[in-house]
Amino acid sequence: MTSQAEPEPPAWRNTAGLTLRRVRAQAILLALCLWGVCAVDFATPGIFDRAGNIKFQDFLPLYVSARLIADGRATELYNQQVTANEMQSIVSQSNLVTLPNLYGPQVGILFVPLSRLSFPAAARIWVTLSLLIYVASIYLIWRECPELRRHAGIVAISAAAFPPLFHFFVRGQISVLPLVCFTATFLALRRQREWLAGAALGLLVLKPQFLVAIPFVLLLARAWKAFGGLTLSAAAQLIFTNFYFGPEVMRLYLDTLWHAPRWITAVELSLAPIQMHSLRSFWSLLVPWPQVGFALYIITSCVAVVIASVIWKSSEHLALRFSALTLAAVLVNPHLFVYDLLVLAPVLLLLVDWTLTHPQQSTSATFRLLLYLSFLLPMLGPLSQWTHLQVSVPIFVALLWTLRPTETAGHKLDSNECRVV
């Protein structure tokens, strides 16, 4: 070991001033700002933060669902009045709490062990466990990145400064579960186990909006093993849920899921689009006519799926193919909030590592700048309230476009690139 500073990656020296030293300094500053705000906001005693919001509020519907299941009241999971009353009894305030339960009943089973604890205690345990899972996922992907292993310090700092992590934590969300699914998918693909990779993707049915694009990408790419694994895994989860809870509960869940926009409007989340980062929210913000915006969403989603399928069935490096699949899942997701961008953490790690391992190929300054902006811009989502332009989405689209195969791209696999490093 040497005490010298980490060597500057040659591929990044002339990318809009993004030297290793500057990126590290910016990541430290961003982490201090985000978590400093969190510490000040959550320093107040009780269930409410300094701004008057419920601490880890998005965990509340899951906690209520777990209590209903534990009490044998699963048939009331999607009775919004019942869940609102349960939340009111937990919050103990005069204002009505209206956070609808939009998760599948099988998700509530995961939290039944926490249902006998108080809500603050259960929420703290969940977010602590979630952070450990996040760290483990980052570590497992980082371990597969030969060049990034030389830069463990900046990877750790950047992981802490990732804006979706902050939003995921303060809301008490479950975005770490899709992150685990994508991480497991990459690790299985790395070991050339396509059935297992598909099975990991099928687990995303717990947040089914992530599965809008992925099956179509795999079908168009004729990735039959991965598609088969996905289908069997998703079907097994749904069959188990239907058997455990009964068809009536499943019917109520599917009805709630289908009318999710209605429930979002009902709880007056008028600022929801500015917190979203997919093509659906992009067009709804930019175009004042809902039907036109929806048509543009469908068209651009089809384009994203086609591009991702072309990349997937090519002989591109696995990091590029996996990244294309994940980006398509994010872009086409009709209900993707900023905390769900946590699934882009493996993509950013893998693509940065790819630029370092291919410094003489087509890793242009534009491509590296897109990676930098993909990391940073989700933090600026609230600006779209005035600009009506969610700038992160065009960046994700541009990043997906740059991954497409070209004759001179030089992305092709070396003979040993599929092997475990």
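Predicted model: local features only at pLDDT ≥ 70, side-chain atom pairs only at ≥ 80, totals over all residues.
Reader: What makes Phe42 and Phe56 an aromatic pair?

Author: Their ring centres are 5.2 Å apart. The cut-off is 6.5 Å, so the two rings pair.

Reader: Why is the pair called edge-to-face?

Author: The planes of Phe42 and Phe56 stand at 80°. Edge-to-face needs over 60 degrees, so the name applies. Both residues sit in the loop between helix H1 (20–41) and helix H2 (59–70), 14 residues apart.

Reader: Why is Phe42 called buried, and not exposed?

Author: Phe42 has a relative accessible area of 17%. Buried means under 20%, so Phe42 qualifies. Phe56 passes too, at 8%.

Reader: How do you know that Thr326 is buried?

Author: Its relative accessibility is 0%. The limit is under 20%, so Thr326 counts as buried. Thr326 belongs to helix H16 (residues 318–332). Beyond its neighbours within four places in sequence, Thr326 touches Phe182, Val343, Leu344 and Val347.

Reader: What places Arg321 over the face of Trp312?

Author: Arg321 lies 4.5 Å from the ring centre of Trp312.

Reader: How many helices and strands does the protein chain have, and what share of residues is buried?

Author: The chain has 20 helices and zero strands. Of its 421 residues, 52% count as buried.

Definitions and conventions:
Residues numbered from 1 in each chain as written. Heavy atoms only, no water. Helix = DSSP H or I, 4+ residues; strand = E, 2+ residues; numbered from the N terminus. Buried < 20%, exposed > 50% of the residue type's maximum accessible area, 1.4 Å probe, protein only. Contact = heavy atoms within 4.5 Å. Phe/Tyr/Trp six-rings, centres within 6.5 Å; stacked < 30°, edge-to-face > 60°. Lys NZ or Arg CZ within 6 Å of the ring centre and 35° of its normal.
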